[in-house]
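User: I would like to go through this model with you. Could we begin with the aromatic residues?

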Amino acid sequence: MDADGPQALCDLCLAQVCSSLDALCSRRADSTMCLSCAPLFPQEMADQLLRKMATKGLLNDTTVGIFRNCKELRLHRASIRCCPVSAEAFRLALCPHRLQELDASWVSGGLTGANIVSGLASNPECRSSLQRLSLTGLHMDFESLVEDGGARVGFSSLHGLRALNLANTDLTDAVLADICTLPQLESLDISCSAVSKLTALLDCKNTLKSLMAHRVRQLDMSPARLLFVLSQLHALRHLDFSEDHFAVDDSDGRDGQETVRQLLEGSAHVLPSLVSLDISGRKRTTEAAVRAFVEARGGLVFLGLLATGASSCDILTSQKNLKVTGEANENQVCEALWRYRDRECFIREALVHLYNLTTDIDKPRPDMLKLVLSGMQSHPASLHVHLVATACMFNLTTQNLAEAMPVSLLSSTVTQLLYAMTSFPNHQQVQKNCLLALCSDYILQDVPFDKYLAAMLVIKWLRSHEDPTLQRMAVAVISILVAKLSTEEMAQLGKDAFIMKQLLAIVQQKAMVGVVDSTLKFALSALWNLTDEMPTAARNFIECQGLELYEEVLETYYTEPSIQQKVLGLLNNIAEVEVLQADLMEEGLLEHILSLLQDSQVEVGVHYFAGGTLAQLASRPEAWTLGDELRSATLKQLHASIMTWTQLEREIVSYSVDAKENLLSDLAALGSAAVGSLGHTSGLLSEPFTLQQHDGEGGRD
């Protein structure tokens, strides 16, 4: 069983509801959905249904309408994160609920912070019940906030708020001043916002316990004034004053750096309750300052030091209860990947260090793979993240490491690799990294994922790349994937003449020099599988001059049964298609096949496919066009040969790429395909990857 165990019954039921919304719902006059027969949902399950719809990409103006029913579907903790929901749909579906928490981060559809605040404030119950609100990434548009009576509505109207996240917004000093009048405010995130002064924080100095001010680039306060304001926050336990080190050069951020220096080296009487400090990205932090800070504060539980150059400070290892983000060791890097999953700059940095830590890894680390996957999912549009993350994924799943991973985790990993290939089609290094990670016997054979999409993406990649090593991998992956496709998928793939031309070109290239290698075998296996019971693909093969080439291959590789069997297997596929049999009526070709059938030194597998091809053609006298004498000789030789065949000890044909054959288990190291340098991301990754890839006699007929 998968190490993660089976899915919870509740998750399965909610997923079924999500997939059956059209059947379960009726439509209102405005086209929004309404559950036709809504039972009274347990309150927590209503929250879970909304979240499931959001994470599956099903939540929009139409579907969110089912939550207008506040009696049966009672929301307390609502998440519409990243969903296309308009202001009107939000007002009608969510504002009537007695919400305790709302995550509307990165919502599209024109919904603004002002829409959300005014909508929530219109419900008297929400004004007191709402405790947590996240509006990350939204446009505030607070100039539009005016109540019916003319009084301005603001965050202070939601007087029950304890935690507010306004990161990546156009938050202004005036709105911050309004926020700081909240009587119970404990946690505030103003990261990447437009605030210039923090003086307003003095109004909540007795309640504020957590302040996150990552990359507040427009801050206009002297170090002394800023430190004074911070020192007055008597209840503050967590302070995040980190910086994006990629966006700041050595001449920028001097005031912020000086503030950090004074805080680290200052008295413990400043912020006496502080147990967590994040200064990651502050590049001029010294180990001496870190040592002084840690020594002065015995209750410290977290210190963020990634990309500061100070995470190797010796005192950190002696603090058993202290969590640290940094690059000095595995624990620090993994902590960074976990804590900073929403911050691209730190995920990029941590992934580079994880790559270096895993280049020679010899034990399965599903925990690390989960962190990499989470980082990619949190930053789907970031080329920098996907470039390094795909390299890490290869390190963590190469050789036999994948076999010890939970199958569900590997399935999600491959899905993310395919997403990367789709999202960054023109970035050669990302494509290489994904191809390297995909080229795994276990993953291709036993892990469930969209194999048709994978085949199409690898074929697309093959169109524009001719590097021999990578070409070999691509052909290997394709040859396995096509054997895993459904009949419908195979038919769709067979319509694309390009893949036929590309594979035939590889066969021709190898045949010209008479080489026998895994690339040739993979290409022949792929062609064999592509034409299996696929008349369209077989026709494409003929139109691409495949028959002429295969006749040459039979002559060139007369003493190579593994090559002969794959060639004859494809010819047998064509012979099964009655309308194409006339194309095989070429005397030289049939005489050559007949000679193989007669040769007692040839393996039985070659006899089998030679006989099968000839039997298909000779069984229809009306289609035979080469004269009765040749047909009669063919039938006699077929009878004579079959009578000499002995009982087989093993099967000749595998109808899929049989795991027993280990199609990827006999080829030695597949070159030194380098993942290459990650450019300015680190400048460190230039070591070559080596990939163990193997070939066998798989194929289907």
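Analyst: Trp-528 and Phe-609 are both buried, where buried means under 20% relative accessible area, exposed over 50% and partly exposed in between, with a 1.4 Å probe and protein chains only. This is a predicted model, in which local features need pLDDT of at least 70, side-chain atom pairs count only at pLDDT 80 or more, and totals for chains, interfaces and linings use all residues. Residues are numbered from 1 along each chain as its sequence is written, and side-chain values use heavy atoms, with hydrogens and water left out.

User: How many aromatic pairs does a search of the whole structure find?

Analyst: The search finds five. Rings of Phe, Tyr and Trp (its six-membered ring) pair if their centres lie within 6.5 Å; planes under 30 degrees apart count as stacked, over 60 as edge-to-face and the rest as tilted. Tyr-340 and Phe-346 form a tilted pair, because their planes stand at 50 degrees, with the ring centres 4.7 Å apart. Tyr-340 has 2% relative accessibility and so counts as buried; Phe-346 is buried as well, at 0%.

User: And what is the geometry of Trp-528 and Phe-609?

Analyst: That aromatic pair is edge-to-face, at 5.3 Å centre to centre and 90 degrees between the planes. Trp-528 lies in helix 22 (residues 518–530) and Phe-609 in helix 27 (residues 604–618), so the pair ties together parts that are 81 residues apart in sequence. Helices are DSSP runs (H or I, at least four residues), numbered from the N terminus. Trp-528, Tyr-608 and Phe-609 form one aromatic cluster.

User: Changing topic: which residues have the most contacts inside the largest nonpolar core?

Analyst: They are Leu-351 and Leu-571, in a core of 128 residues. Such a core is a set of buried Ala, Val, Leu, Ile, Met, Phe, Trp, Tyr and Cys residues joined through side-chain atoms within 4.5 Å. Its largest share, 10 residues, comes from helix 19 (residues 468–482).

User: What does Leu-571 touch?

Analyst: Leaving aside residues up to four places away in sequence, Leu-571 touches Leu-547, Leu-554, Leu-584, Leu-589, Ile-593 and Thr-613; contact means heavy atoms within 4.5 Å. A second, separate core of 96 residues includes Leu-35, Val-153, Leu-230 and Leu-303.

Note on methods. Helices (H or I, at least four residues) and strands (E, at least two) are DSSP runs, numbered from the N terminus.
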